[in-house]
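Please open the model in a viewer and keep the sequence panel at hand. The stops below proceed by selection.

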Amino acid sequence: MAVPLVVHWLTRPRPMRIPFSTVRFVLEVVKQRRTRSHLRDLIILLLRMAAVALLAAVIARPLVGEATRLAAADDKAETVKIVMLDVSQSMGATSQGIQTMARARPIAARHVGYRSGTQTNLILSGASPLAVFDRPSTNFSTLVDEVSRSRPLPERLQVQPALNRAAEMFSKIGNEKTRRELVIVSDFQRTNWATADFSVLPLKTVIQLESVGATQTPANLALLRVGCQGRIEAGRPFRLEVDVGNYSPTPRPVTVEVVIGEALFRMQGQCSAGNRSTLVTEATLPVAGWHTGLARVVGIDDGLPDDNTRPVVLRAHPQPTYLLLTRQSPNLRPSSSYFIERALAPAASKTQPQERIIRADPARVESDVLSNANLLVLDHPGKLSYERLELLAALMRRGRGILYLAAEPIDATNLKLLAKAAGSSLQLPVEFAPPAVGQVRKNLFLSDVQRKLPPFTVFGDEAQAILAPVRFQGGLNSRRIEGALLDDVLATYNDQSACLVVTACGAGTLAILNADLGSSNLPSSPAFVPLIGELSSELLGLDRSPDAVPSGEPLAAYLPPGTGTLANLRIEHPAELNLESTTLGELHEENVGVLWQSSAAGPPGVYSVRRGAETVFALASAIPPEEADLVSLASDVMTDRLSGGRDVQYRSVLKEDETHDQLWSWLAVACLLCMVMEMLSLRLFKS
Amino acid sequence: MLVRKNSRYLDLRALTSLQHLRFTTKRRIDGAYSGRHQSRQLGGSGEFVDFREYTPGDDLRRLDWKVLARTGKAFLRVYQDETNLTCTILIDASGSMRFGQLKPGRTGPLAKLEYAQYFATALSHLICGGQDQVGLAVSAEKLREFVPPGSTPDHLARIHQSIEKLRTWPATDLGHSLRQLFERLSRRGILLIISDFLCDDLADTFAALRLFLSRHFEIILLHVIHPLEERLPTGTAYRFEGLEREGGVSCSPAEISQAYEERFEAHCTAVRTLALATGCDYRRVSTAASYIAALTGFLVERTG
């Protein structure tokens, strides 16, 4: 700013001294014009100062903002600096032709570069944090190389583990006087960062957030899920569903092609803006077994192309096998077990294959028979051993459905022990108890029915009319458990005891029908067969194809119950991926079956477990759906709500660049304007 | 007539063309000696102009006896006396009159004082040549020098010497000087003031002149202007230093040129207006023109 003053002083006119006789007249005239002259000089000076200052600002534009707020160049204290570089899938998004990762690399490289008295480390943050060194180091060149090699991974960002890792490093090095700096280079995706908690870091840590996210969120379409509703049975049509997320401000027509084996299924639909839409088509898999394929969005050019495809794994089951565990004689008719058997297998048509029903005594049934059954039905089972109940609970956790007809007082004990065997995975909403001595449970009718939930949805609006004449007898008393999920009680008797309870247990479900079918008039009601059919379908549907696991995250999957032992099992990865066998995880044999475990699921693709040429299990690894939403978290949320009392500074690189560009233009215009105004002023004052 | 040849302001060859011209006046004047100019008095000698009826107390020697004999009435014969002219030249020797001095070896318009010196020397020479008396007064902040009117060659030489030795003083008070001169002049005549009239109080100057007028002086104002005064020099910036302790002022002439010219012209107009209103004869001369030409015009105009 002093330059214009100096220039003004140096360029001011040097007057020539001459003696003059009429100087009094000159004085008079000058006095008249002095105010005007001073005003002109002041205006000219100010305009020149402004022009020079603006010109300096324009020239200095590339340097403005470069001075990081962290850098205390004159700070001689030892500094420990950890740079967290986001390598999640969203960093592969492209905006204005530039990948977000490409923007992030130079910023991260600048932060990990040499600085006197500083020890630095780099954490590549994806599904699990990966630190380049165990502790901060002065090997800056390696860190810079790591930054230059970094690529977006098909993973979601797990923020908290990365912050915990940084906090651990900070706590292991330095003393109270050590300056601790954490630099996070990320797009600060809302879905990942909304739950970040900086309070795990040491209190005086300076946190610099370098946002490389686009100022305008790039429009993105993503395949979030490919699956089916219910259980797929070979030769029977099923609903193939594809969830498409439209993370753009406008609705978009979408075409999705799903290739499974040699079959191609095409779905079209309109995806509403900022929403998740489900496209559905009817498909049929002719052969039972594992079917793999690929789903992809057709004709879309969006911000993140990697999530436009998704591997698919579907399992087609053979016709279901029901295992009826009862101590009632098959010849006893009418009886509760007879009615339920007839309801499960109504008269078969010629075109539809017949379901298989195995009737067995629960005390004598073999374990492999239990494991091979698709649906377990317990009716008058008598007292069950705890080992048997543990096996049932394990099967439930692994995806089996159990329909328990609670008719006898001993059933209350069985259910209590089953809940105990299932542990925390089973939370019954009610506690069943035998009827009190002398209490007769009869003429019970349904007072409260969840008509909008299966199995009652099958009746539609006629549910009230159909169910009103039904009278129940027998069963157990029930008492609601405090804090339990009451929505699991689908029907309630007029004495407020539960009639039908459907509760999840691990991957399976336990359905309890609290009635003695033998003495109730339900079997003679037209509602009986549809009700049991719908209920069994729901329970069988749980044995559906497994959902894709998120890539990069820990994997733990039980192989299907019929897999058998661990012998001759091997894991195979997609042929196009060149992966080491150690990255595929390991198979462990446990009590309830074979467990496939891996610290991190592999890149997107279909992984299978084979025994010889036979595929016994298949699993798809896919990009987590959270990565599809590219919206960044607001800066004030980061600096205020999530800061945890730490000094958090936020800087948006792209916004600053844009602001700088706009500012530069305006500065140049203002500079030009100052010059024009100076000329106008000179002309106005006739100088 | 004895003339000192060493006055550098007297150019006799240039004055040769003016020898036939006389400095005169149309008014009747008082003179000490007889001369070529009409006296305010009608005496018994000189040129006959009229008859006048006798009134008691008149000089009987001027009675026309022949007319008395023929008509029986007494008439006096009236004659116009002729006397010499007395002119006092007042030169303004204030600092501002120094303006326009040329450096040695350079040519251009004369400085105002130099111009006044040439003009006064020549005019005094012509006045004395016409057997009239000429005096000299030098004005600054007060009356610096006064040479009473006279017509002898020695007197003229003294006047020329005084004019030649003139120098300027840094202050001016023309009114005060005129009052002092008024006190020194005992006989009415002609007062020729050669000045640039750049004084603080112009009204006071003309108030002093009215004293002379009240004594029936004829006053001639010769307003000397240097051409460089009429407009400011061109250039980026000048610091104008006053010649009469007015200080200095720095300015860019281009910015004030027009206003200055208007102001200067207003000053000249004011001097002329005041002079004519007071009853003075006013003549504006520029040093850009030859003093001989200015003197010629001046004398021709007065001769009529």
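Helices and strands in this tour are DSSP runs, numbered from the N terminus; a helix is H or I with at least four residues, and a strand is E with at least two. The model is a predicted one.

**Stop 1: the cis peptide bonds of chain A**

Begin with A:P334, which sits in the loop between strand 16 (321-326) and helix 7 of chain A. The peptide bond that leads from A:R333 to A:P334 is cis, and its omega is near -5°. Continue to A:P455, located in the loop between strand 21 (446-449) and helix 11 (463-467) of chain A. Here the bond from A:P454 to A:P455 is cis, with omega near 10°. As background, most peptide bonds are trans.

**Stop 2**

Select residues 336-344 of chain A, which form helix 7. How many of the nine residues of this helix are buried? Seven are, so that the helix is mostly covered, a residue being counted as buried when 20 or more other C-beta atoms lie within 10 Å of its own. The buried residues are A:S336, A:S337, A:Y338, A:F339, A:I340, A:A343 and A:L344.

**Stop 3: two helix pairs**

In chain A, display helix 9 (residues 386-397) and helix 10 (residues 410-422), whose axes are 8 Å apart at an angle of about 60°. Helix 9 of chain A is therefore oblique to helix 10 of chain A. Their crossing is right-handed. From helix 9 of chain A, the contact includes A:L389, A:L392 and A:M396, and from helix 10 of chain A it includes A:L417 and A:L418. By class, this contact has nine nonpolar, one polar and two charged residues.

In chain B, display helix 3 (residues 112-129) and helix 4 (residues 153-164), which pack at about 175° with axes 10 Å apart. These two helices of chain B are therefore roughly antiparallel to each other. Their contact involves B:Q117, B:A120, B:T121, B:S124, B:H125 and B:C128 of helix 3 of chain B, and B:L156, B:I159, B:H160 and B:I163 of helix 4 of chain B. It has five nonpolar, five polar and no charged residues.

**Stop 4: where the chains meet**

Show both chains: 23 residues of chain A and 27 residues of chain B make the contact. On the side of chain A that touches chain B, strand 1 (16-20) and helix 2 (23-59) of chain A each supply at least two residues. Helix 2 of chain A gives the largest share of that side, eleven residues. By class, that side of chain A has twelve nonpolar, five polar and six charged residues.

**Stop 5: two positive phi values**

Select A:Q496, in the loop between strand 23 (489-493) and strand 24 (498-505) of chain A. Its phi is near 70°, positive in a residue other than glycine. Then select B:F197, in the loop between strand 8 (190-195) and helix 6 (202-214) of chain B, where phi is near 55°. Which of these surroundings is buried or exposed? A:Q496 is exposed, with 12 other C-beta atoms within 10 Å, whereas B:F197 counts as buried, with 25 C-beta neighbours inside 10 Å.

Methods. Residues are numbered from 1 along each chain as its sequence is written. Chains are lettered from A and ligands numbered from 1 in the order in which they are written. This is a predicted model: local features need pLDDT of at least 70, side-chain atom pairs count only at pLDDT 80 or more; totals for chains, interfaces and linings use all residues. Axes are lines fitted to C-alpha atoms, for helices over the stretch in contact, and angles run from 0 to 180 degrees between N-to-C directions. Angles under 35 degrees count as roughly parallel, over 145 as roughly antiparallel, 65 to 115 as roughly perpendicular and the rest as oblique. A crossing is left-handed if the near helix is turned anticlockwise from the far one by less than a right angle, and right-handed if clockwise. Two residues are in contact if their C-beta atoms, placed from the backbone, lie within 7 Å. Ala, Val, Leu, Ile, Met, Phe, Trp, Tyr, Cys and Pro count as nonpolar, Asp, Glu, Lys and Arg as charged, and the others, Gly among them, as polar.
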